[in-house]
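Subject: Structure for your files

Hello,

Here is the structure you asked for, with notes on what turned up in it. Please read the notes with the structure open beside them.

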Amino acid sequence: MLGPFLETLIGGLLTGVLYSLVALGFVLIFKASGVFNFAQGAMVLFAALTLARLTGEIDGREVHLANFVIAAAILGTALAFVGWYAWREYMARGGGPAERNRMAVLAVVGAVIGGAVAWFYGKGSWPLWVALPATAAIMGVLAYAIERLVLRHLVNQEGIILFMATLGIAYFLDGFGQTLWGSDIYKIDLGLPKAPIFLFEDVFPGGLLVEPGDLVAALIAGLLVVVLAIFFQKTRIGRALRAVADDHAAAQSVGIPLNTIWLIVWTVSGFVALAAGVIWGAKLGVQFSISLIALKALPVLILGGFTSVPGAIVGGLIIGAGEKLSEVFLAPILVRQFDLAGGGIENWFAYMLALIFLLFRPQGLFGERIIERV
Amino acid sequence: MLYREAGQFKTTYGADQQIFPILQDRLFVLAVIAAAVLVVPLFATQYLYTEILIPFLILSLAAIGLNILVGYCGQVSLGTGGFMAVGAYAAYNLGLRVPELNNLVIVFLFGGLMSAAVGILFGLPSLRIKGFYLAVATLASQFFLDWLFARVKWLTNYTPSGSVAVGETSAFGWKIDTPAERYLFILAFVVVATVVAKNLVRGHIGRSWMAIRDMDIAAEIIGFRPLRTKLSAFAVSSFFIGIAGAMWGFLRLGSWEPLAFDINRSFQILFMVIIGGLGSLLGSFLGAAFIVLTPILLNQMPGWLGVGMSTALISHLEFMVFGAMIIFFLIVEPHGLARLWSIAKEKLRLWPFPH
């Protein structure tokens, strides 16, 4: 009994690590800008699709080149429109040449990256060490576009409006990614061993079955958390990020540029999305359903607290383990007792688990205490 | 010049407290309803009924329900689809198991009541959990209810595929079969429900909801009981949503499976509320019209432009444009279409002599 239990537990914990990765992206953005970023799942999908198509085989690309053109045309129209809007606003404000230069430089950088990717895309599959930085660069451009085109116009709006805007971003990215790269199921090959590993064979009969991919995922996630922790605690930018998270207005008044901070945060969460996308893609294949894992990350968030990085990790582990254990051990009992048409309780079990935790701690396990004043 | 309240004096309290204090507004609303009842059936085709008018009316009702909760009481909910499913399945089961009561009005009201009961149950956490924590917590209801209707065989009457089909649809001996009849029936329901909702939100209970929305602690201190206020908002909201869900199942789909009320439905209705305008009943209608019409237009667009595209590509582009439009509308007018309408009305008051 203990063997299967431990095996399920380990499988659950490893899945939980992946939820943590997605939740981490949410937490970063929520902490620094108070935006509940529903588009995190879409960003994961977009990153995974980009990487998969850049490293993938060449056949079928001609079809998608046509899509490329259409997407580019639509995007170009939209950008021209928004650009005109931004330009009018800029003229009205009378911004200085420095801002103009910055806008121009960033536009050129974005165009060069986009053009280079589009050009080399037709040439053949890229090795991973080229494709990975290229995808990271694309995620950076994406973060910039989101900050510049969407969030900056919604400063000081209520949280729910910003949340809706990120839902719009999610829709857009889902459509954009699939228009650009096609919607078949792709593979990301990290070159990992596929054969399952058996642990503790002398303790349990048959040992514990563990997928090596999951272990690597856990390693990457752990590494990411350490890097993020160092970034937040030790670097200048990290300190600025924490200051913004504490109090926007106070941070701004001591000279921390909010827009830059938001750009950095969105870029970092874009990188986190890339890491999550690579791991999920390698595990399950890259397809539309990846963007739905955002829904799996939400209970992790409320369990751990919206503002806590360790909360995202611990919450992910609890949810992952709870989900798998409930599916394996609780679902059959429910099915037998109530004559159900199959189990599948993992879809809501995580939410119920989080809900029960919330009733005792409304701000999540590690969230900042909510102090209410009139 | 025409739209002006000058010269309209109110001599009684009743006249002063009408829903539409301006004569032109009253006439306009009556004209719209009259046109919807009398003129639309003259020219409407089956396509117009089943793809545009009926979804628009039903989803407007759902949006009104959600608007009561989100816009008036400030409790963000992502469980709308689940509550619609409760309404639909409750209505289905009542009609199936008690054939004497198989009257659309009765089963719809029953669906609404069941949905209200479930809404109260899932509204309980709102007393402790607030803001986005609550929004995510309401997802629990969505997923749980989805699962419930997919897995509990009794609720779907042991059909092997899990999808249910309604039999005869009639109300008080009136057999409601053709799209035109369905449309008129739904229209009547929606008009009545809107009047009820309007009177609720401008009365004592609506004011207590708004007090809770604006600052719940302050509202509590001046004597609104959060328990009763929040739960009543959940109940009323779920009641409307449940009726809308029952209508969606009975009169729009005819036969359905749990997928018809999945999380995308919740988001769709939340979009309607936000795009239309939080805390505005008119906004619910405008938002519903926008969200119903936009995908249809986007879908038809390549055909009109004469560009041949694969259906997959069209659906992806639809996603893209839809997302971009939502962002655009939020940036241009975060308070929704209803706000644009009220701005237009202010302009109209002064037109054509602005000084």
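Predicted model: local features only at pLDDT ≥ 70, side-chain atom pairs only at ≥ 80, totals over all residues.

Most of H11(B) is covered, with 10 of its 14 residues buried. Those buried residues are B:Arg265, B:Ser266, B:Ile269, B:Leu270, B:Phe271, B:Met272, B:Val273, B:Ile274, B:Ile275 and B:Gly276. Directly after H11(B) comes B:Gly277, with a positive phi of about 135 degrees.

The contact between the chains is next. It takes 45 residues from chain A and 38 residues from chain B. On the side of chain B that touches chain A, the elements giving two or more residues are helix H6 (131-151), helix H9 (216-221), helix H11 (263-276) and helix H13 (311-332) of chain B. H13(B) gives the most to that side, with 14 residues. Sorted by class, the side of chain B that touches chain A has 31 nonpolar, three polar and four charged residues.

Still in chain B, helix H7 covers residues 179-202. Its 24 residues should span 34 Å at 1.5 Å a residue, and this agrees with the 34 Å between its end C-alpha atoms. Buried in H7(B) are B:Pro179, B:Arg182, B:Tyr183, B:Phe185, B:Ile186, B:Phe189, B:Val190, B:Ala197 and B:Val201. The cover over these buried residues of H7(B) includes helix H3 (46-72), helix H5 (104-123), strand E2 (170-171), helix H8 (204-214), helix H10 (226-253) and helix H12 (281-305) of chain B.

B:Lys198 also lies in helix H7 of chain B. B:Lys198 counts as partly exposed because it has 16 C-beta neighbours inside 10 Å, where a buried residue would need 20 or more and an exposed one 12 or fewer. Leaving aside residues up to four places away in sequence, B:Lys198 touches B:Ile19 and B:Leu281. B:Leu53 is 145 residues from B:Lys198 along the chain, and their C-alpha atoms are separated by 22 Å.

Now chain A. It has 13 helices and two strands, and buried residues make up 43% of its 374 residues. Among the contacts in chain A between residues at least 6 apart in sequence, 78% join residues at least 24 apart.

Helix H11 of chain A runs over residues 293-304. Its 12 residues reach 17 Å from first C-alpha to last, close to the 16 Å expected at 1.5 Å a residue. H11(A) is largely enclosed by the rest of the structure, because 12 of its 12 residues are buried. Among them are A:Lys296, A:Pro299 and A:Gly304.

Which residues touch the most other members of the largest nonpolar core? They are A:Val44 and A:Ala48, in a core of 214 residues. Helix H10 (residues 258-284) of chain A gives the most to this core, with 17 residues. Not counting residues up to four places away in sequence, A:Ala48 touches A:Ile188, A:Gly277, A:Val278, A:Trp280, A:Gly281, A:Val286 and A:Ile290.

H10(A) also packs against helix H8 (residues 236-246) of chain A: their axes come within 10 Å and cross at roughly 110 degrees. The two helices, H8(A) and H10(A), are therefore roughly perpendicular to each other. H8(A) makes the contact through A:Ile237, A:Ala240, A:Leu241 and A:Val244, and H10(A) through A:Leu258, A:Ile261, A:Ile264 and A:Val265. By class, this contact of H8(A) with H10(A) has eight nonpolar, no polar and no charged residues.

The last item is A:Ile333, which is found in helix H12 (residues 309-338) of chain A. Is A:Ile333 buried or exposed? With 10 other C-beta atoms within 10 Å, A:Ile333 is exposed. The C-alpha atoms of A:Ile333 and A:Asp189 are separated by 39 Å, and the two residues are 144 residues apart along the chain.

Regards

Notes:
Residues numbered from 1 in each chain as written. Chains lettered and ligands numbered in written order. Core = buried A, V, L, I, M, F, W, Y, C linked by C-beta atoms within 7 Å. Helix = DSSP H or I, 4+ residues; strand = E, 2+ residues; numbered from the N terminus. Contact = placed C-beta atoms within 7 Å. Nonpolar A, V, L, I, M, F, W, Y, C, P; charged D, E, K, R; others polar. Expected span 1.5 Å × (residues − 1). Axes fitted to C-alpha atoms, helices over the stretch in contact; angles between N-to-C directions. Parallel < 35°, antiparallel > 145°, perpendicular 65-115°, else oblique.
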